[in-house]
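Hello,

Here is the structure I promised to hand over. My notes follow below it.

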Amino acid sequence: MKTIAIWTIKGGVGKTSAAVNLAYSAATDGLRTLLWDLDPQGAASFYLRIPATEGTAVRSLTRKKSNLADLTKPTEFDNLSMLPADFSNRHLDLALGEAKKPGKRLAAKLAGLESFFDLVFLDCPPSVSLVSEAVINTVDAVVVPVIPSTLSMRTLHQVRAFVSEQSRGVDVIPFLSMVDRRKKMHTKIGLACLADPAFLTVTIPSASVVEKMGLTRAPVAATLPSQPAARAFAALWRELRDRIDV
């Protein structure tokens with residue numbers, strides 16, 4: 001089983017829409033896929049029509065005998081399940097801080113999912129915390145959405161530095177998100193990013209169909225498969241799949 005965190009420090013860069021659409025693409029590819037919504041805001045759960053819970057996620061993570069698989073919910077899409085958002089995740093830092101070896105605790109919980117899933121995506125909150133530290137030290141890769149702008153690039157440098165400081169060498173895989181080719185800055189910075197071999201070469205455009213996921217409450221390819229954004233997410237998944245050797 002492979003585990004992939006979708007994480008960055010900066011909000012508003014298309015993190016959750018990427019998590020949902022990548023998970024959907026992986027499931028369409030035939031992989032038994034789980035999307036874990038670790039963000040207390042619960043946007044990924046909302047997009048996939050799975051109600052958030054209250055208190056169960058923290059208890060499951062902090063109690064040795066509990067099993068995360070018991071909390072997973074099927075979505076309306078084949079091969080795609082969700083571990084829904086839990087508003088009590090806002091206290092997850094405190095719970096992990098009280099637990100011994102939080103990274104190992106999270107790794108053990110994820111290991112309990114191996115007989116059920118081939119791939120787990122973790123939609124992480126946009127912050128630096130004990131949660132992000134535990135995730136970074138557990139997953140196989142950290143995928144970072146980057147808008148081609150000065151502040152977003154600065155955030156990528158911070159993410160890389162933090163991962164380098166905290167982890168045992170986990171891959172940081174950035175990709176360009178919400179790209180508007182009409183903007184000269186997006187074009188200029190985008191070209192510089194794509195010269196970095198760590199970046200995935202597929203870019204996700206700024207598109208109204210992605211913004212409308214809040215209305216359709218479904219991945220873009222499930223409602224408008226012919227749209228450029230839907231094709232871009234599918235291509236991004238294929239490149240990511242090959243990069244991490246799923």
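Contact here means heavy atoms within 4.5 Å. With that cut-off, and leaving aside neighbours within four places in sequence, Val 179 is in contact with Pro 148, His 186, Thr 203, Ile 204, Pro 205 and Ser 206.

Some ground rules. This is a predicted model, in which local features need pLDDT of at least 70 and side-chain atom pairs count only at pLDDT 80 or more, while totals for chains, interfaces and linings use all residues. Residues are numbered from 1 along each chain as its sequence is written, and side-chain values use heavy atoms, with hydrogens and water left out.

Overall: the chain has 12 helices and seven strands. These are DSSP runs numbered from the N terminus (helices: H or I, at least four residues; strands: E, at least two). Of its 246 residues, 54% count as buried. Buried means under 20% relative accessible area, exposed over 50%, partly exposed in between (1.4 Å probe, protein chains only). Among contacts with a separation of 6 or more, 82% join residues 24 or more positions apart.

Back to Val 179. This residue is found in the loop between E7 and H8. Val 179 has a relative accessible area of 10%, so it is buried. Its C-alpha atom is separated by 8.7 Å from that of Ala 207, 28 residues apart along the chain.

Next, the cores. A nonpolar core is a set of buried Ala, Val, Leu, Ile, Met, Phe, Trp, Tyr and Cys residues joined through side-chain atoms within 4.5 Å. The largest has 43 residues; Leu 48 and Trp 237 are among those with the most contacts inside it. Helix H12 (residues 228–244) gives the largest share of this core, nine residues. Apart from it lies another core, of 36 residues, including Trp 7 and Phe 162.

Helix H7 (residues 150–166) has 17 residues, which at 1.5 Å a residue should span 24 Å; its end C-alpha atoms are 25 Å apart, which agrees. The expected span is 1.5 Å times one less than the number of residues. Buried residues of H7 include Met 153, Leu 156, Val 159 and Phe 162. The buried residues of H7 pack against H6 (130–136), E6 (141–146), E7 (171–176) and H8 (184–194).

Last, a helix pair. The axes of H1 (residues 15–28) and H12 come within 9 Å and cross at roughly 70 degrees. H1 and H12 are therefore roughly perpendicular, a label for angles of 65 to 115 degrees. Axes are lines fitted to C-alpha atoms, for helices over the stretch in contact, and angles run from 0 to 180 degrees between N-to-C directions. Ala 18 and Leu 22 of H1 and Trp 237 and Leu 240 of H12 are among the residues that make the contact.

Best wishes

How values were computed. Parallel < 35°, antiparallel > 145°, perpendicular 65-115°, else oblique.
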